[in-house]
Protein chains: 2
Amino acid sequence: MKRDAEFMPSCPIPITEYPHVLMAHGGGGRLMHQLIEKVFLSSFDNPILATRHDSATINPGGSRLAFTTDSYVVQPLFFPGGDIGTLAINGTVNDLAMSGARPLFLSAAFIIEEGFSMESLWRIAQSMRKAASEARVELVTGDTKVVDHGKGDGVFVNTAGIGRIEHSLVIAPSSVRPGDSILLSGDIGRHGIAVMAAREGLAFETTIESDCAPLADLVIQLLEAGIEIHCLRDLTRGGLASALVEIVEDTRYCIHLNESVIPIHEDVQGACEILGLDPLYVANEGRFVCILPKADAQRALHLMRSHSIGAEAVVAGDVTDGSPGRVTMTSRIGVERIVDMLSGEQLPRIC
Amino acid sequence: MKRDAEFMPSCPIPITEYPHVLMAHGGGGRLMHQLIEKVFLSSFDNPILATRHDSATINPGGSRLAFTTDSYVVQPLFFPGGDIGTLAINGTVNDLAMSGARPLFLSAAFIIEEGFSMESLWRIAQSMRKAASEARVELVTGDTKVVDHGKGDGVFVNTAGIGRIEHSLVIAPSSVRPGDSILLSGDIGRHGIAVMAAREGLAFETTIESDCAPLADLVIQLLEAGIEIHCLRDLTRGGLASALVEIVEDTRYCIHLNESVIPIHEDVQGACEILGLDPLYVANEGRFVCILPKADAQRALHLMRSHSIGAEAVVAGDVTDGSPGRVTMTSRIGVERIVDMLSGEQLPRIC
């Protein structure tokens, strides 16, 4: 088909400043948000995309559905507590869960580097089978591509997911109100440190395992108990800090955290100190925050702690009035500070 | 989460024979089918996946939907007639169309190599915007990952798509009957040759342009006209030959083609002769076959030829009795031969 010459608007990211894509453009911080906003959202502008959720809410006929996609490029492919296969299932299941949807169907697309070990590919497929079964989703369609040796990195996996929204809440930053409580589902920082340690061959006294886990079951339990959830966010790239800053940005409320109650396992804390990392920004794959009315907080906390993936849940902070929206934290020694988003990320390629 | 040691079946592809993934495992031929069958289908076994369609039919509540995914790894990223962006939209739209579904929503996931040109990324996003608008689909959710320089190839794009199935036919190889006609929607081989020429810097007398185009509109017109479509297949990796062999395999009918009526543009034919390629195996991105009762064939042909993307449509052959299912062709000089699937593909990374 002949394409007509057509006016193309010029690139909205100043190419004198950023002529090339940097690792930081994929790091979950400020630069990634700018890239997504200016290059992708401005091109594909539509009301559904404009909600900027982890998953889109669509209604192709009958039920409200959540629809989401994620590519997984983690290195190394295998790490304590999981591999790229478990990640590819749980990550997408969790994006659906963050809309309060019941995950049902997943696609799986593989970009394999020529020369990749057949045995490793098989292990990854088996991990996906197991994780899908645990999360009660079905892998119903797929794709396989092979790229030349040196043009990939072992294997990249993309999963897209469809879930059914069975509640009538609007689970979004726009539903958050001053006075709400911030529930954190467990300890933070394990996934990022587990991957980092495996990548760099670091040995700590104990093996730190990824927290990679499916979150939908717990979220659905909360909804079925009638908890009025205002907002959910899983704490992947950019960690707890970036997730909360993303929520409050462009709003007229603030989030205040108490550092002393945020659970961080001793070995993770130690590893972060050695490596000079702030656990607030380290990625998790089985942790989320739930923002909800204070009146529901204790009941929700009890439900979380009764579930295997929420055993260490805490009320980590609350929502206060204040504009522009920002995140503040009272540190362990009682000092209050602003929590901002990093420009890139401390640890690239952890998901 | 601690994972229990668990029995893992050993890899069903003999790793003594194929210890590593080869380019041919992604080429649309015999080896790719073996990989998908033995590694992925055996792991993710479920009734929906077992139908082995380009897209899965799901019913998450209310409407029957088609759900599909494809990653695009074409090199070069820009070629006459399109780029990886147009391909990523039309390819997935076409997979939905091959279920007779109306494409509605797409996801877009980018794996970008560090150092990739920001301007090129913008051009690709703009191509996607334009192609999505032409195909009347909305890009509603996305993901961005950046991998280290040397661990990718510019950019890989994955799109997953959701369409609504508004007919009650079973469009599948199982619906094909002896006596059916094979309609081919137009000339073959242009996409593969356009990409190949761009990749190798080959200059022919005329610039051969990809046939990349969205097929859903024409398919929906056929359905709305009451044409009883038995099977649809787009002619991507592996070309016309592989698509037809895929359809007849494991069935009790054969397909017979007349080579002399298959449209191949002179410049494509010339390029194939110079390059030693068989156009039957060269990929297309805007061509499909429609298998339907002979009684409907002339009416469907007329509808196809009235549509811009089907102007050169022909009745390319018919379905006959015979087991095991295979594809035969009467050549231009009247010799009959068997058309089989290649083990890999003649041209890698054309989609």
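Tutor: Let us begin with the salt bridge: the term requires a side-chain nitrogen of Lys or Arg within 4 Å of a carboxyl oxygen of Asp or Glu. Please keep in mind that this is a predicted model.

Student: Why is the pair B:D148 and A:R349 called a salt bridge?

Tutor: The closest N and O atoms of B:D148 and A:R349 are 2.6 Å apart. The limit is 4 Å, and the pair joins an Asp to an Arg, so the term applies. Between chain B and chain A the count is eight salt bridges.

Student: What makes A:E249 and A:R30 a salt bridge?

Tutor: Here the closest N and O atoms are 2.5 Å apart. The partners are a Glu and an Arg and the cut-off is 4 Å, therefore this pair also meets the definition. The count between domain 1 of chain A and domain 3 of chain A is one salt bridge.

Student: Which parts of chain A does the domain assignment give?

Tutor: The assignment gives domain 1 (1-45), domain 2 (55-165) and domain 3 (173-339). The centres of domain 1 and domain 3 of chain A, taken over C-alpha atoms, are separated by 30 Å.

Student: How much area do domain 1 and domain 3 of chain A bury between them?

Tutor: They bury about 390 Å², with 39% of it on carbon and sulfur atoms. On the side of domain 1, A:G28, A:R30 and A:H33 lose the most area to domain 3, together 65% of what that side buries.

Student: What describes the interface of chain B and chain A?

Tutor: The two chains bury about 8,700 Å² between them, 64% of it on carbon and sulfur atoms. The contact takes 104 residues from chain B and 105 residues from chain A. Across this interface the rule finds 28 residue pairs in polar contact, both residues being at pLDDT 80 or more.

Student: Which element gives the most to the side of chain B that touches chain A?

Tutor: That element is α3(B), with 11 residues. By class, this side of chain B has 52 nonpolar, 29 polar and 23 charged residues.

Key
Residues numbered from 1 in each chain as written. Chains lettered and ligands numbered in written order. Predicted model: local features only at pLDDT ≥ 70, side-chain atom pairs only at ≥ 80, totals over all residues. Heavy atoms only, no water. Domains from an automatic or database assignment. Buried area = accessible area lost by both parts, 1.4 Å probe. Contact = heavy atoms within 4.5 Å. Polar contact = N/O pair within 3.5 Å; in protein donor to acceptor, adjacent residues only side chain to side chain. Helix = DSSP H or I, 4+ residues; strand = E, 2+ residues; numbered from the N terminus. Nonpolar A, V, L, I, M, F, W, Y, C, P; charged D, E, K, R; others polar.
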